[in-house]
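This briefing sets out the fold content, helices, cores, pocket and local backbone features of one protein. Please read it alongside the sequence and coordinates shown below.

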Amino acid sequence: MRHLIDILDLSTEEITGLLDQADEIIAHPEDYRERCKYKKLATLFFEPSTRTRLSFEAAMLELGGSVLGFSEASSSSAAKGESVADTIRVVGCYADIIAMRHPKEGAPMVAAMHSTVPIINAGDGGHNHPTQTLTDLLTIRRERGSLDNFTIGLCGDRLCGDLKFGRTVHSLIEALSRSTGVKFVLISPEELKLPSYIKKDVLQAKGLQYSQETDLAAVMPELDILYMTRVQRERFFNEEDYLRLKDSYILTPEKLAGAKKDLRILHPLPRVNEISTAIDDDPRACYFRQALCGKYVRMALILKLLEA
């Protein structure tokens, strides 16, 4: 039995296989409509989510399966003090696979240690979000044709905004560190810089090219991918710091004036105000196509873990 807790749980070959299968599902959805017939997915979301939860549910439904679960901790027995381990043991009696989001880092790993069915980490605190990473990789590959040789202010991808608490950023760096020719440009305020352990254990340990910047406009002309993230209010310890930093970077049409014609703009969503809505109709804006890719790559992952 396999779980997906961290993107590094998957080999490069397995990631390629999942992306290939997602492309196949996009091309021939009719071939997959009953692949998970009579199978049940439990979505256990201990903190709010729209895209991740609904995309998992849509993925299972489009595979012919069914869905059960909850969308906030207050509507589960966690509100009564039940442990993650006990919740997982119980839900495993009712479902064939579980997608779990939890505010505490490491909670999905605890779940996997006690589960009788596959566990998918749908985000744990500021730690990992492997299915968002798979979504990002599928989007980049479909938009660019390859996961190699680009600048992302991150060696092909640009990460901008909250790098300290952004679990999507941490997982994406880990995944792209396996590609070749990717330059990482890390753009954030000083207070929200990428954690030193990511720089030391991933970027520096693997000899990857990266730079740290605070001026988005200055690096815009060199970027192939601009990966925007919101400043996450829920990860701050005090309101004052959040209010001071929340508008650090706002992408407007004016700031795109010096950008490449084939730049691609990604965002894991939800957006607050860090990308102007005036950019939504720009062909370089990929974030809504990115959300759709999330459904297809989760369909591929469910099939893999259920061996369906």
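**Overview**

Of the 308 residues of the protein, 55% count as buried, where buried means under 20% relative accessible area, exposed over 50%, and partly exposed in between, with a 1.4 Å probe and protein chains only. The model is predicted, so that local features need pLDDT of at least 70 and side-chain atom pairs count only at pLDDT 80 or more, while totals for chains, interfaces and linings use all residues. Residues are numbered from 1 along each chain as its sequence is written, and side-chain values use heavy atoms, with hydrogens and water left out.

**Fold content**

- The protein has 10 helices and 10 strands; helices (H or I, at least four residues) and strands (E, at least two) are DSSP runs, numbered from the N terminus.
- Among contacts with a separation of 6 or more, 73% join residues 24 or more positions apart, a contact being heavy atoms within 4.5 Å.

- Helix α5 is largely enclosed by the rest of the structure, because 12 of its 15 residues are buried.
- Those buried residues of α5 are Pro130, Thr131, Gln132, Thr133, Leu134, Thr135, Asp136, Leu137, Leu138, Thr139, Ile140 and Arg141.
- Thr139 lies in α5 and counts as buried because its relative accessibility is 1%.
- Beyond its neighbours within four places in sequence, Thr139 is in contact with Leu266, Cys286, Gln290 and Cys293.
- Asn149 is placed in the loop between α5 and β5 (150–151).
- Although it is not a glycine, Asn149 has a positive phi of about 60°, and at 55% relative accessibility Asn149 counts as exposed.

**Helix α2**

- Helix α2 (residues 51–62) has 12 residues and reaches 16 Å from its first C-alpha to its last, close to the 16 Å expected at 1.5 Å a residue.
- Its buried residues are Thr52, Arg53, Ser55, Phe56, Glu57, Ala59 and Met60.
- The cover over the buried residues of α2 includes the strands β1 (40–45), β2 (66–70), β3 (97–102) and β4 (119–124), together with the helices α5 and α10.

**Nonpolar cores**

- The largest nonpolar core has 53 residues, and those with the most contacts inside it are Phe56, Leu134, Leu137, Ile152, Ile173, Phe184 and Ile302; such a core is a set of buried Ala, Val, Leu, Ile, Met, Phe, Trp, Tyr and Cys residues joined through side-chain atoms within 4.5 Å.
- Helix α10 (residues 287–306) supplies the largest share of this core, 10 residues.
- Another core, of 19 residues, lies apart from it and includes Val219, Leu251, Leu269 and Ile275.

**The loop between β10 and α10**

- Leu269 lies in the loop between β10 and α10, and Leu269 is buried, with a relative accessible area of 15%.
- Leu269 has a positive phi of about 60° although it is not a glycine.
- The peptide bond from Leu269 to Pro270 is cis, with omega near 10°.
- Pro270 is also placed in the loop between β10 (264–266) and α10.

**The second largest pocket**

- The volume of the second largest pocket is about 210 Å³, a volume being the space filled by probe spheres set on grid points that are joined across faces, edges and corners.
- On a 1 Å grid over the protein atoms alone, a pocket is an open set of points where a 1.4 Å probe fits, with protein on both sides within 12 Å along at least five of seven lines, and lining residues have an atom within 4 Å of a point.
- This pocket is lined by 13 residues, of which Thr12, Thr16, Leu147, Asp148 and Ser179 lie nearest its centre.
- The elements giving two or more residues to the lining are α1 (12–27), α5 (130–144) and α6 (167–176), and α1 gives the most, with 4 residues.

Terms used
The expected span of a helix is 1.5 Å times one less than its number of residues.
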